[in-house]
Amino acid sequence: MEAEAAMAAAAAATGAVRVEKVRGRSAVTRCFAKYPLKLIAPSKAGRASSGAAWLYAITYGGGIVSVSRRIASSSSPGLQSTNQPTGDIISCTVAVGDGCAAAMTTQASTKVYKAVDSKCSEQVLEARVGEDALFALIPDPVTCFSMARYHQKQVFHVFPNSNLVVVDWFTSGRYESGEKWNFSFYKSINHILLEDQPLFIDSVLLEQSSNFSIADRMQEYNVVAMVILLGPKLKHIQDQMQDEVKKMMSVQLRPPTSAGGRYSTRSQPLHPQRPPIIASCSPFGRMGTGMVARITAVSTESVYSFLRHHLAALEPFLGACPYPAS
């Protein structure tokens, strides 16, 4: 049954990648993609000494569209489609072999265009990370245009000594042009299975309501992000991020004090200004083997800076820093 499910998943997928050891280096030994997905595996995408493989996921036309087309869903739990009327469906499987290192990213934000006839565009990823392997999923954010409907599901299968980095984030839309939280539906699901047992399950859902719009609830914030770090190789990055986030938020959320002391007559603002970026970190798994950081921010660039700083320590593993400054 497991072999049949794997074959069905491969048949339904619009992309499939396999990374294996070749002459002591991590190499892409299979890279398949069909419309609307394109996968690029550059031969040089970092220092050769790192031995890591890099992949770029690209969509034709620069985004995901709502069209009257359906791709048969797989019997694999990770690649099952939603029950919603669907537009574009992008499904991809990734297998990172034992001892390998691989990074998967994008060249720009993933744009989700306006839904037609309430169809929901979808992206589904199922990744298997081998023993002592590292997989870093470090895309640019998802940007949903006005009236867009989008659903995303990502499933990761790991071993006790696997290492995993997941960045999952989205923006309010083209907010610099005044289009802010105008999409109709957004849902993102992330599952991590440790030897097929649930280790981490997360779901984010934003949907317009007759009582309160998404914009009403999100106030001035335009970006929501989640970072997952799991595995023994990433413990020092977890510890550093937790310490720095704690210090940052203790400063930003500290109540304002009057320069004149307790008897000062200087009035305090009734509604203190909210910090431009808010972050928190929480461990998960036995003995805190994993950590999840959640971030919300006013600007996309502030989240890029956060990611650039806190994930810079991945360079020795990947041969390049994620989210380099342009």
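1. Salt bridges. Seven salt bridges turn up in a search of the whole structure, a salt bridge being a side-chain nitrogen of Lys or Arg within 4 Å of a carboxyl oxygen of Asp or Glu. The model is a predicted one, in which local features need pLDDT of at least 70 and side-chain atom pairs count only at pLDDT 80 or more, while totals for chains, interfaces and linings use all residues. Residues are numbered from 1 along each chain as its sequence is written, and side-chain values use heavy atoms, with hydrogens and water left out.

2. R294 and D202. One of the salt bridges joins the side chains of R294 and D202, at 2.8 Å from N to O. R294 belongs to strand β18 (residues 290-297) and D202 to strand β15 (residues 197-207), so the pair links parts that lie 92 residues apart in sequence. Helices (H or I, at least four residues) and strands (E, at least two) are DSSP runs, numbered from the N terminus. D202 is buried at 8% relative accessible area, whereas R294 is partly exposed at 36%. Here buried means under 20% relative accessible area, exposed over 50% and partly exposed in between, with a 1.4 Å probe and protein chains only.

3. D117 and K119. These two residues form a salt bridge with their closest N and O atoms 3.8 Å apart. D117 is exposed, with a relative accessible area of 60%; K119 is buried, at 15%.

4. R308 and E301. The closest N and O atoms of this salt bridge are 3.5 Å apart. R308 is partly exposed at 23% relative accessible area, and E301 is partly exposed at 45%.

5. Helices α3 and α4. The axes of α3 (residues 235-252) and α4 (residues 300-310) come within 10 Å and cross at roughly 135 degrees. Axes are lines fitted to C-alpha atoms, for helices over the stretch in contact, and angles run from 0 to 180 degrees between N-to-C directions. The two helices are therefore oblique to each other; angles under 35 degrees count as roughly parallel, over 145 as roughly antiparallel, 65 to 115 as roughly perpendicular and the rest as oblique. I237, M241, E244 and V245 of α3 meet F306, H309 and H310 of α4, contact meaning heavy atoms within 4.5 Å.

6. Cysteines. The structure holds zero disulfides, a disulfide being a pair of cysteine sulfur atoms within 2.5 Å. C92 is in no disulfide, and the nearest cysteine sulfur, that of C31, is 8.3 Å away. C92 is buried, at 5% relative accessibility.
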